[in-house]
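Keep the model in view as you read.

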Amino acid sequence: MPDATGPDQIFQRALTNGEIVLPRCDDCGAYHFFPRVLCPHCHGTAISWHPASGKGRVHTTTVVRQKLERGGDYNVCVVELEEGVRMMSRVEGIAPRDIVIDMVVTAFVGGAEGQPAVLFKPAEV
């Protein structure tokens with residue numbers, strides 16, 4: 001995988017290095033997520049990678065209920081980033097029930113199931 005150049009590998013390698021990058025089409029200028037080889041907006045193939053702003057808002061959220069011995073309740077949300085893409089993730093550092101739609105959040109590279117992942121925390125406003 002270190003030499004792999006596919007979009008998933010590029011994204012994961014950046015996360016491993018503590019960076020969040022997004023693919024942007026050089027033909028139409030639109031960002032997209034999930035990483036792929038064709039722009040979903042114009043079908044262009046000229047894709048470049050750019051650092052994400054990390055600024056976003058919760059678009060949807062739900063609480064997944066679990067017994068305390070299995071880790072307790074947690075949230076699953078979709079966050080819309082300033083660049084216009086949406087990512088499924090979770091918001092950390094706040095009780096799952098306190099996360100609300102349109103909450104301003106900030107992205108960071110954290111861990112999920114032993115792998116680097118894009119997670120969010122409430123923005124300091």
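H43 sits in the loop between strand 1 and strand 2. Strands (E, at least two residues) and helices (H or I, at least four) are DSSP runs, numbered from the N terminus. The phi of H43 is positive, about 70°, although H43 is not a glycine. H43 counts as exposed, at 58% relative accessibility. Exposed means over 50% relative accessible area, buried under 20%, and partly exposed in between (1.4 Å probe, protein chains only).

This is a predicted model, in which local features need pLDDT of at least 70 and side-chain atom pairs count only at pLDDT 80 or more, while totals for chains, interfaces and linings use all residues. Residues are numbered from 1 along each chain as its sequence is written, and side-chain values use heavy atoms, with hydrogens and water left out.

A cis peptide bond links F33 to F34, with omega about 25°. Most peptide bonds are trans, and most residues other than glycine have a negative phi. H32 lies in the loop between strand 1 (21-25) and strand 2 (47-51). Is H32 buried or exposed? H32 is buried, with a relative accessible area of 2%. Contact means heavy atoms within 4.5 Å. Leaving aside neighbours within four places in sequence, H32 contacts P23, L38, C39, P40, H41, I47 and V85.

Now the domains. The domain assignment gives domain 1 (7-51) and domain 2 (55-122). Such bounds come from an automatic or database domain assignment. The C-alpha centres of domain 1 and domain 2 lie 21 Å apart. Twelve residues from domain 1 and eleven residues from domain 2 take part in the contact.

Next, the strand pairings. Two strands pair if DSSP finds at least two bridges between them. Strand 3 (residues 55-64) runs antiparallel to strand 6 (residues 104-112), over three bridges. Here K55 stands opposite T106 in strand 6. Strand 6 and strand 7 are also antiparallel, joined by eight bridges. A112 faces Q115 in strand 7 as its opposite residue. The hairpin of strand 6 and strand 7 has two residues between the strands. E113 is in this loop, and its phi is positive, near 55°, though E113 is not a glycine. E113 is exposed, with a relative accessible area of 83%.

Strand 4 (residues 74-81) and strand 5 pair antiparallel over four bridges. V79 has M87 as its bridge partner in strand 5. In a regular strand the side chains alternate between the two faces of the sheet. The covered face of strand 5 carries M87 and S89, the uncovered one R86 and M88.

Finish at the largest pocket. A pocket is an open set of points on a 1 Å grid over the protein atoms alone, where a 1.4 Å probe fits, with protein on both sides within 12 Å along at least five of seven lines; lining residues have an atom within 4 Å of a point. The largest pocket holds about 300 Å³ of space, a volume being the space filled by probe spheres set on the points, which are joined across faces, edges and corners. Its lining has 15 residues, with M88, S89, A112, A117 and V118 nearest its centre. Strand 7 gives the largest share, five residues. Where does the largest pocket lie? Both domain 1 and domain 2 give residues to the lining, so the largest pocket lies between them.
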